Amino acid sequence: MEKIRILGGKALEGTVRISGAKNASLPDVCASILTDQPLILGNVPEVGDIRTMGRVLSAMGVETDIRVGGVVELRAAKLTSVEATYDLVKTMRASVLVLGPVLAREGRARVSLPGGCAIGDRPIDLHLTALERMGAEIEVEHGYVEAKAKRLRGAEINFDTVTVTGTENIMMAASLAEGETILRNAACEPEIADLADLLVKMGARIQGAGGSTIRIEGVDRLHGAEHTVIPDRIETGTFVAAVAMAGGEIEIRNCHPPHLRSVLDKFREIGVRIEEGPDNLRVRAPRTVKPSDVTTNPHPGFPTDMQAQYMALMTMANGVSTITESIFENRYMHVAELQRMGASIRVDGRVAQVRGHTPLNGAQVMATDLRASACLVTAALAAKGETIIDRVYHLDRGYWRIDEKLRGIGADIERIDRGSDSGQRATDHAQIA
Ligand code: UD1
């Protein structure tokens with residue numbers, strides 16, 4: 001199993017290019033199920049989660065051609081299976097995104113329940129209730145969701161909680177349903193608007209995506225399309241956090257600053273100097289980091305996917321900051337690892353208090369989930385001495401060659417194999433659990 005070794009204390013300098021958004025690409029590739037014609041997507045990041053989704057789709061008979069350079073061509077001429085098995089779904093929760101489209105196209109679907117998740121209890125009850133309201137018969141048996149519906153009917157759906165993949169699943173299903181579906185309390189994340197843009201290119205009738213009420217007028221057929229995925233806002237935010245912690249000044253290209261307004265506002269408030277262009281950012285590390293409280297919230301609030309990286313940064317602040325995680329109940333797995341690096345953090349339920357000005361020291365740490373691993377990387381860049389991060393596959397699920405990108409802007413970072421801490425580089429950057 002690969003590890004990453006980082007020698008902290010090197011300021012960052014240069015230009016980094018942001019990849020396409022993983023969380024937009026995942027639903028976008030699933031939209032291929034809705035048509036028998038080809039879908040060509042550009043700017044898809046070659047990360048582990050996309051390869052996993054490729055396997056889920058291939059197992060259903062979707063021809064998937066993941067090309068170098070971020071182009072993915074998919075064609076679901078005929079589905080040979082309506083099932084997403086436990087083996088695949090357990091490795092990636094987002095596999096449930098096939099449920100809505102498969103049911104809408106084939107009239108039935110069999111999808112494994114995702115099971116436990118490192119960051120908390122993550123049910124899919126809201127996806128299922130919404131499909132039931134659209135006329136689906138749903139049974140949960142032997143760990144699988146079995147859904148049937150001759151043709152889904154449009155319905156008015158009020159989500160009790162804002163759910164990103166739930167909104168995406170139902171938006172895809174409703175595109176081929178009979179009549180109008182209205183989604184209220186829908187998620188407003190930019191990835192939802194990206195999926196809606198793609199679906200509209202495929203012939204869907206959707207209004208309001210990106211806002212909390214979405215109207216979808218179902219159509220009988222969708223057709224092929226070409227689409228370029230939006231830049232990854234969380235990767236962008238992670239690089240802002242990286243330079244804020246490591247020091248230096250970098251240019252971040254191929255990003256979309258309006259998608260991370262709350263993050264940029266917060267970073268500016270604590271002293272990071274940021275200049276915005278239409279698709280780029282120039283970021284200079286703060287002279288001193290001011291402490292500031294933050295609460296994670298659905299978009300346009302501060303994203304839970306940036307909470308860990310923000311926490312790492314607050315260990316450098318000259319005071320105490322309070323972080324409240326309001327989306328997931330157990331998303332503080334990185335705290336114990338940051339403490340091993342010298343951080344002073346106290347957690348009480350969903351609230352974490354970070355006492356700043358505790359110099360971080362390199363240590364051996366363990367990545368526990370995707371964003372937790374990102375925070376260990378940013379912390380290691382600022383730490384004194386060497387940090388070895390184990391279980392790098394978590395990082396590779398969502399960041400495309402983060403080690404190469406960081407090395408390109410001056411970080412002392414390399415991949416090493418288990419048992420060869422002497423520094424031998426691993427050749428395969430793409431190992432997934
Ligand atoms: C998506 C993102 C993930 C991000 C999260 C929150 C993808 C592939 N993943 O995850 O990176 O951290 O949004 O922004 O896009 N809930 C229910 N019942 C449901 C569905 C959700 O109770 O049926 C709850 C969850 O437990 C959680 C909250 O709603 O507390 C938000 O979850 P949700 O938005 O669905 O997260 P994901 O879509 O899984």
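Predicted model: local features only at pLDDT ≥ 70, side-chain atom pairs only at ≥ 80, totals over all residues.

Student: Leaving aside neighbours within four places in sequence, which residues does Arg-346 contact?

Tutor: Arg-346 sits in strand 20, residues 344-348 (helices, H or I of at least four residues, and strands, E of at least two, are DSSP runs numbered from the N terminus). Once neighbours within four places in sequence are set aside, the contacts of Arg-346 are Val-351, Ala-352 and Gln-353.

Student: Is Arg-346 buried or exposed?

Tutor: The cut-offs are under 20% relative accessible area for buried, over 50% for exposed and partly exposed in between, with a 1.4 Å probe and protein chains only. Arg-346 has 60% relative accessibility, so the label is exposed.

Student: How are helix 4 and helix 6 oriented to each other?

Tutor: Axes are lines fitted to C-alpha atoms, for helices over the stretch in contact, and angles run from 0 to 180 degrees between N-to-C directions. Angles under 35 degrees count as roughly parallel, over 145 as roughly antiparallel, 65 to 115 as roughly perpendicular and the rest as oblique. The axes of helix 4 (residues 99-106) and helix 6 (residues 164-175) come within 7 Å and cross at roughly 15°. So helix 4 and helix 6 are roughly parallel.

Student: How many nonpolar, polar and charged residues make the contact of helix 4 with helix 6?

Tutor: On the helix 4 side you have Leu-99, Gly-100, Pro-101 and Ala-104, meeting Asn-169, Met-172 and Ala-173 in helix 6. Sorted by class (Ala, Val, Leu, Ile, Met, Phe, Trp, Tyr, Cys and Pro nonpolar; Asp, Glu, Lys and Arg charged; the others, Gly among them, polar), this contact comes to 5 nonpolar, 2 polar and no charged residues.

Student: What does helix 5 pack against with its buried residues?

Tutor: In helix 5 (residues 125-133), the buried residues are Leu-126, His-127, Leu-128, Ala-130 and Leu-131. They pack against helix 4, strand 8 (137-141), strand 9 (144-148), strand 10 (156-158) and helix 6.

Student: Which residues of helix 9 touch helix 8?

Tutor: The axes of helix 8 and helix 9 come within 10 Å and cross at roughly 10°. The two helices are therefore roughly parallel. Gly-237, Val-240 and Ala-241 supply the helix 8 side, and from helix 9 come Val-263, Leu-264 and Phe-267.

Student: And what do the rings of Phe-267 and Tyr-310 form: a stacked, tilted or edge-to-face pair?

Tutor: Rings of Phe, Tyr and Trp (its six-membered ring) pair if their centres lie within 6.5 Å; planes under 30 degrees apart are stacked, over 60 edge-to-face and the rest tilted. The structure has 2 aromatic pairs. For Phe-267 and Tyr-310, the centres are 6.4 Å apart and the planes stand at 55°, so the pair is tilted.

Student: Which residues make up the aromatic cluster?

Tutor: Phe-267 in helix 9 (residues 261-269) and Tyr-310 in helix 10 (residues 307-314) link distant parts of the chain, 43 residues apart. Phe-302 and Tyr-310 make an edge-to-face pair, 5.5 Å centre to centre with 65° between the planes. Phe-302 and Tyr-310 are both buried. The one cluster they form is Phe-267, Phe-302 and Tyr-310.

Student: What is omega for the His-299 to Pro-300 peptide bond?

Tutor: Most residues other than glycine have a negative phi, and most peptide bonds are trans. Pro-300 is in the loop between strand 18 (294-295) and helix 10. The bond from His-299 to Pro-300 is cis, with omega near 10°.

Student: What about phi of Arg-401?

Tutor: Arg-401 lies in the loop between helix 13 (393-398) and helix 14 (402-408). At 33% relative accessibility, Arg-401 counts as partly exposed. Its phi is positive although the residue is not glycine, with a value near 45°.

Methods: Residues numbered from 1 in each chain as written. Heavy atoms only, no water. Contact = heavy atoms within 4.5 Å.
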